[in-house]
Amino acid sequence: MGWTLEQRQRLALEHQVLQREGFDQFGVYHYAADDSYSAGGLATANSGYQYRLWIPIPSGYPHQRPPMYITSPDPLLMFDMKPVSSLGVSHQMHTLIPLAGWPQICHWRDTRWHSGILLQKVFLKGLLWIEAYEQHLTTGRSIADFVSTMAERA
Amino acid sequence: MSDPQQQQMIREAMKSIAERKPGRTKLVYDKTKRTIVAVAEGVQAPRALNITADDADMFAVVTLSSAWLRDNWALLKQDGRIPASLSSWDDGDAMTHSVLGVQPSPHIESSLILFTETTPPAGQDLRIILTPTADSPDRPGTFAAPDGQTYRAVCVRGTNNAEEKPEVYFADIQPELATRRSGILESAILQDKCVLVIGVGTGGAHAAVELAKCGVGRFILVDRDRLGVGNVVRHPGSISQVGRYKVNVVQDLIHEKNPAAQVAAHALTVSHESCEQIRVLIAQADVVICGTDNRPSKLLINQMCIEQKKPAIYGGAFRRAYGGQVLRVRPGESPCQQCFVSAMPEAAADEEVSTSADADEIAYSDRPVAVEPGLSLDVLPIANMLTKLALLDLLAGKESSLSMLERDFDAPWYLWLNRPEPGTQYASWPPLSESSDEMTIHRWYGIYFERDPDCPACGNFLGSLAAHYGLDLGSLEEVPALPGKEG
């Protein structure tokens, strides 16, 4: 099944929202070879370090939750030099099932996702996660100590 | 010698007992005479023991399907005999024609229905003989045959040496079921209606069976789960059904209540992958009941029902079923599930964790979530409200005694509390005896809230968002192309 007109419009609109709301380091992209969409870009932490965020858009979007991965640095290491992805689904580090060694950031669980949430909010959560991750690298404390449970409201 | 008047009184008394009606005479056991005698009703009989209908209820009962016999009448007349399989219950006290239900007894007895005086084959212990009678076809034990003649059935069990004659009853299922509903629901009013029940756990299964009792004629059931032992304390399915798909268990439960119902069972997961299949099922339904207990499936079903303009009812229990809620969505008229999630996120998020699969959905590897199901007793009020709202939508546009309830059930959202759960906003609700106009447990509250005109499911979300940025939805730039694929 291909993308519906409404889905394509939504993704085009979300790209515009990112550009107009100061999130223009991120964008929504189309890959014509297999007619797939993804969103992503280079996130810069307050420290100046950069991280690449990547969101493959699932076929059920926006009703289906899009996963968000950190694809660079690869591997992304923790305070103890183990890969973040080795944790799998972790409440302490706010991660979900990794893909190809890339950790998946827990922005919303499936049970809390709904179609009113924009990619802009997802990237914002990604940026918050990165700041908390850098605090973890500095202190050794878990990410859950720096970001409370992700808020319900979009 | 017997007294003719006494014999007449005994006959009258026994007739009254057989018909379980009061008569002019009654039977007593006279302790002095050590025999049964008949006395006029109201006469005090010293040293006598009253005999009741229950005392006389000593014969086994055979129940045959009238519809089956009508269908097989030509064969019976041609061959003079036809075999019938009977479910034997309670050591043969009740023998029920197997075709009457889908769940037979573990003990089956073979009987032969004989047309008039046909000689039975040797060794046939259980036989039912039909002979023409002038009796009314409304009398017990009589059958109105397709040839216009009424027949009386006599059952004989055993041999000449030890013969007993169980009473025979004919069951005409559909008219008899309709009679019990008449006055509230006309016999065929729901026969052509189709209900799609997605999620046939405790609530969904209960709703489906209740609607079958009301006479709904078509059901589509969707659920991926099998009945587990732990489910049985809540689910209408029983221990003997453990391991079966819940949809198949509920299909049989429906047929036990409404044998004429058409039921399609789909052991299917509600997911984005199964959307196309679910869409086809929604298209066939008049009303959709959502008994799933997680938000993603509810929102997905909501989206598809909105697309097809199908009314849907969503039910759910709060954790450990301390209460629950029901949301009725009439597309374009009332708020939808997505409007509900946006308007009342806390209420929408309070869900029962009744299975390990539900727990896994919200657990982390370093923070497990316990399975915390509630009691069946606490889920059933929610399931009953779900059923009532579905029934009203099924009756929409039809004249019925229940139509007046449209005025009463006018809210989109209904809230019920089983107990004032500590730690919730309901913890301080007053006891039932102390409340005058305050909210209490064990009462339904219909709550009104507005549709979100910019709802991403039922409103103009994209148009509104585009307008906010001064963009025209019809002429948006395409998103940038990726030269190569990541991932």
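Predicted model: local features only at pLDDT ≥ 70, side-chain atom pairs only at ≥ 80, totals over all residues.
## Helix 6 and its partners in chain B

Helix 6 of chain B contributes Ala205(B), Ala208(B), Val209(B), Ala212(B) and Lys213(B) to the contact, and helix 7 of chain B contributes Lys246(B), Val250(B), Leu253(B), Ile254(B) and Lys257(B). By class, 7 of these residues are nonpolar and 3 are charged, with no polar ones.

Helix 6 (residues 202-214) of chain B also packs against helix 13 (residues 376-394) of chain B, at an angle of about 50 degrees and with axes 8 Å apart. That angle makes helix 6 of chain B oblique to helix 13 of chain B. This crossing, too, is right-handed. From helix 6 of chain B the contact takes Thr202(B), Gly203(B), His206(B), Ala207(B), Glu210(B), Leu211(B) and Cys214(B). Helix 13 of chain B supplies Ser376(B), Val379(B), Leu380(B), Ile382(B), Ala383(B), Leu386(B), Thr387(B), Ala390(B) and Leu391(B). The residues of the contact of helix 6 with helix 13 divide into 10 nonpolar, 5 polar and 1 charged.

## Chain B overall

Chain B has 15 helices and 20 strands. Its radius of gyration is 30 Å, well over the 23 Å that the globule rule gives for 487 residues, so chain B is more spread out than a compact globule. Along the principal axes, the C-alpha atoms of chain B fill a box of roughly 110 × 60 × 50 Å.

Of the 487 residues of chain B, 36% count as buried. Among contacts in chain B between residues at least 6 apart in sequence, 58% join residues at least 24 apart.

One local backbone feature of chain B is at Asp91(B), which has a positive phi of about 55 degrees although it is not a glycine. Asp91(B) lies in the loop between strand 5 (81-89) and strand 6 (94-97) of chain B. With 8 C-beta neighbours inside 10 Å, Asp91(B) counts as exposed.

## Chain A overall

Chain A has 2 helices and 6 strands, and from the N terminus on these elements run α-β-β-β-β-β-β-α. The radius of gyration of chain A is 15 Å, close to the 15 Å that the globule rule gives for 154 residues, so chain A is as compact as a globular protein of that length. The C-alpha trace of chain A spans about 45 × 30 × 30 Å along its principal axes.

Buried residues make up 41% of the 154 residues in chain A. Of the contacts in chain A with a separation of 6 or more, 43% are between residues 24 or more positions apart.

## Loops of chain A

The bond from Tyr61(A) to Pro62(A) is cis, with omega near 5 degrees, and Pro62(A) lies in the loop between strand 3 (50-56) and strand 4 (68-72) of chain A. The bond from Ser72(A) to Pro73(A) is cis, with omega near 0 degrees. Pro73(A) is in the loop between strand 4 and strand 5 (95-99) of chain A.

Ala100(A) is not a glycine, yet has a positive phi of about 50 degrees. Ala100(A) is found in the loop between strand 5 and strand 6 of chain A, and is exposed, with 9 other C-beta atoms within 10 Å.

Trp113(A) lies in the loop between strand 6 (102-105) and helix 2 (119-139) of chain A. With 21 C-beta neighbours inside 10 Å, Trp113(A) counts as buried. Not counting residues up to four places away in sequence, Trp113(A) touches Arg65(A), Trp108(A) and Pro296(B). Asp34(A) is 79 residues from Trp113(A) in sequence and 26 Å from it in space, C-alpha to C-alpha.

## The contact between the chains

The contact takes 41 residues from chain A and 36 residues from chain B. On the side of chain B, the elements that give two or more residues are helix 9 (295-307), helix 10 (337-343), helix 11 (345-349), helix 12 (356-362) and helix 15 (461-468). Helix 9 of chain B gives the largest share of that side, 5 residues. The residues of the side of chain B that touches chain A divide into 21 nonpolar, 7 polar and 8 charged.

Key
Residues numbered from 1 in each chain as written. Chains lettered and ligands numbered in written order. Contact = placed C-beta atoms within 7 Å. Helix = DSSP H or I, 4+ residues; strand = E, 2+ residues; numbered from the N terminus. Nonpolar A, V, L, I, M, F, W, Y, C, P; charged D, E, K, R; others polar. Axes fitted to C-alpha atoms, helices over the stretch in contact; angles between N-to-C directions. Parallel < 35°, antiparallel > 145°, perpendicular 65-115°, else oblique. Left-handed = near helix turned anticlockwise from the far one by under 90°. Rg over C-alpha atoms; globule rule 2.2 N^0.38 Å. Buried ≥ 20, exposed ≤ 12 C-beta atoms within 10 Å, placed from the backbone.
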